[in-house]
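Q: Hi, I've got a new model open here. Could you walk me through it?
A: Happy to, let's have a look together.
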Amino acid sequence: MNFLLLLKLTFKSILNRRFTSCLTLLSICISVFLLLGVDTVRKEAKHSFTNTISGTDLLVGARSGSVQLLLYSVFRIGNATNNIGWDSYEKISSHPSVAWSIPISLGDSHKGFRVMGTTQAYFEHYRFADDQALEFKIGKPFSGVYDTVIGAEVAENLGYQLGDELMLAHGVYDTDFARHDDKPFVVTGILERTGTPVDRTIHVSLQGIEALHIDWKTGTRSREKVSAKQALDLDLQPKQITAFMLGLNSKMEIFRVQRAINNYKREPMLAVLPGLALGELWQLIGVAEKALFIIAVFVLLNSFVGLLTVILTSLNERRREIAILRSLGCRPNQIFILLASESLLFAIVGCFLGVFLFLVAIVLSQPVLQGYGLHIPLSSFGFEQLVLIAIVIGVSFLIGSIPGYRAYKQSLADGMSIKL
Amino acid sequence: MNTKTALLKVENLRFRWLSSQRDVMDIPELSIQKGERVFIKGESGAGKTTLLSLLGGINLPDSGLINILGTDISQLKQSRRDQFRADHIGFVFQLFNLIPYLSVIENITLACEFSSRRKAKALSKSKTLEDEAYRLLSHLQLQDRRLLTKPVSELSVGQQQRVAAARALIGSPELIIADEPTSALDADTREHFLNLLLSECEYSGSTVLFVSHDRGLEHAFDRSILLNELNKADSRSKDQQQGDML
Amino acid sequence: MNTLRFILLLTLTMSPWVYSSEYQEVSWDDLMPEDWVPIAPEEQGFFEGETYDGQIETLPKTDMAPIVKTLDKQKLKLPGYMIPIKFNASSVSEFLFVPYVGACVHTPPPPENQIVYVSLKKPMETQDFWAPVWVSGMMVAQISMTKFATAGYHMTEATTEVYDY
């Protein structure tokens, strides 16, 4: 009975200091939101990154660094330093140890989305997440030189449908003067959503890339333009590609093949195991994401310091009130509960609001995040997050014990000689 | 005096503050009868607040006994003393008696929240605690309901003191201890408040212990005690004590 | 009472014995036949593209390193490092198991008889792929490649334990 009374008194006391209470509550709400946000994004980001590629034994590109290779070939982030020759690719991919290979060619873009030249092998052999293959929402892989298959995000964002025409641009940024506007491409297929950078990619055939650049051999458009139709009659066999993916017959040969590629004397190349490269990427990012989490924790601690300050300041003003309560028979330990429960109340309501804000943010930001290949479902608020909240509330009770204890001591010392 | 009916009896009470070398309180004997109205005269600093906190069970004497209603509260544990105080003693202070975030009525009924005994007694007089609060207030000449819905900080000092009195009286505790309740009031209001308080105490059969430096109020009481005569440990100079007598 | 104590004592003394006979601890050396000499890969070409003079190149026969047949169908346990093959953000379910990681630049990669392809019974939750582990499981020593399996050492339904230094 008395406990309810104390809670009622605490509640009314907080209500009486409405403005500061709201600010304190806001502070806790925001820090809890931040903590949950950082924690979820880092877990889901790792999940999304790891889900991008599956079942590929080796990634091969011109010699650079393993993380760089992973980033441009799989995530379409950054650029290759240079290309590799077609003959090197042929030699390696035709080796009996190789089961399948997917060549890719990067360098163009369309309205912010990257263009990737590849072959039918891509649609056959590329896997992601848990060995999932690419599926077509509508249409089929390219057959003609100017056919293109676009990812789900591209279709949604730009509103493309089967049969629509696109102009591709030279380079990563799409502007008027760098566009291959004499050679439009036609959408012949749209892929199902994968939650990977595939969604943001515009796939064309290697021949298509060759056709695009047939009159760009000097690094800029030559004066003698070659029309789209004229290009079809020319030799569109690719001479170079940016990178390729390999699937081997035996996993045991991975190291041997990797070694051989890395030592290939005709051309400097780099072969990486996607698993190891992802591990390295995560080591790099890991530092940043851990730092973010630590910052979020400090923000929360800061809120608690604010809360403590507010309660301790009010303690001075409340000495009179505490003396009155004592004269009415309130015990010192009840005084303790009165003060300690205040921070607990703030924490519980603050956490509740923070979680609510977090869930709302997830729902609202889903379309934006998916564009970056990040998939954060509502279900990402689960047991682990509840544990985090429970820890926050537990800590707040500990913090509340500080003013509680002080009030307890003071009420014993003051007696009735209240210093006004 | 018949000690058997004594409401309050003090014997050889000694008390000193923790950091002190000397007793601040040394009372060989004090006896108050049921229903008596006692005026204790003392200057601020003469130890009257200390005396009240000892009688109220807030501080524990170093030696001696304090017997209230047959119970030696100096032998009780902290929590039992607190409960005893809640059940049997009502306080009125000089200033800031009320809790700012509670309403007028909530301030009064708060006394019953800490004592089921007083709650029962109050409910025997009125249907609800709120009704009982209103009843007491009307006796103390505070009937204006509009006034009573205001936050307590908007009431005048005189009005606040009457609310405090109602809180001290609700549930009819046996002993009312008033610590300079009129000192913040102006001269006209003082007498008025005193009369209201004492008549209501009589009505509920409570004993009153009224501490003040204002001798002008002495006349309303049955008995008058000089604190520095009561307390042998009065450490002030003879001159200061002389000043008291005048 | 005395018989109870006796039985208790007996089971206590027997239990490590019983437990240890489950998986036999081996070392990586045990996976190589005693009489086999590993050849440094520089001596064997892989992609015959090492010459610049445009001659017709032929692919050499590359022999896989031999495996120890007697280890087939044995319950073994050995320590090493995981090279993840099938994994997600928080766990690994299939990996290449090797004696060391990260040294690969100065020396050739391990020969095939120093690699075990491990498939775990239950995915191992780990944040750190490069921590050394003990792997226990039934060893399958496959001589040649078939439609269903590649040659070399495999372990399926294996379990892992963290390796304490």
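A: One term before we start: two residues are in contact if their C-beta atoms, placed from the backbone, lie within 7 Å. Also, this is a predicted model.
Q: Thanks! Among contacts in chain B between residues at least 6 apart in sequence, what share joins residues at least 24 apart?
A: That share is 74% in chain B.
Q: And what secondary structure does chain B have?
A: Chain B comes to ten helices and nine strands. Its radius of gyration is 18 Å, close to the 18 Å from the globule rule for 246 residues, so chain B is as compact as a globular protein of that length.
Q: Nice. What box do its C-alpha atoms fill?
A: Along the principal axes, the C-alpha atoms of chain B take up roughly 50 × 40 × 35 Å.
Q: How much of chain B counts as buried?
A: For chain B that is 43% of the 246 residues.
Q: Switching to chain A, how is it divided?
A: Chain A has domain 1 (2–49 + 286–414) and domain 2 (58–272).
Q: How far apart are the C-alpha centres of those domains?
A: The centres of domain 1 and domain 2 of chain A lie 51 Å apart.
Q: Now the interface: how many residues of each chain are in contact?
A: On chain A there are 18 residues in contact with 23 residues of chain B. Helices α1 (2–16) and α11 (319–327) of chain A each supply at least two residues of the side that touches chain B.
Q: What's that side made of, by class?
A: The side of chain A touching chain B has seven nonpolar, six polar and five charged residues.

How values were computed
Residues are numbered from 1 along each chain as its sequence is written. Chains are lettered from A and ligands numbered from 1 in the order in which they are written. This is a predicted model: local features need pLDDT of at least 70, side-chain atom pairs count only at pLDDT 80 or more; totals for chains, interfaces and linings use all residues. Helices (H or I, at least four residues) and strands (E, at least two) are DSSP runs, numbered from the N terminus. Ala, Val, Leu, Ile, Met, Phe, Trp, Tyr, Cys and Pro count as nonpolar, Asp, Glu, Lys and Arg as charged, and the others, Gly among them, as polar. Domain bounds come from an automatic or database domain assignment. The radius of gyration is taken over C-alpha atoms; the globule rule is 2.2 Å times the number of residues to the power 0.38. A residue is buried if 20 or more other C-beta atoms lie within 10 Å of its own, exposed if 12 or fewer, and partly exposed in between; C-beta atoms are placed from the backbone.
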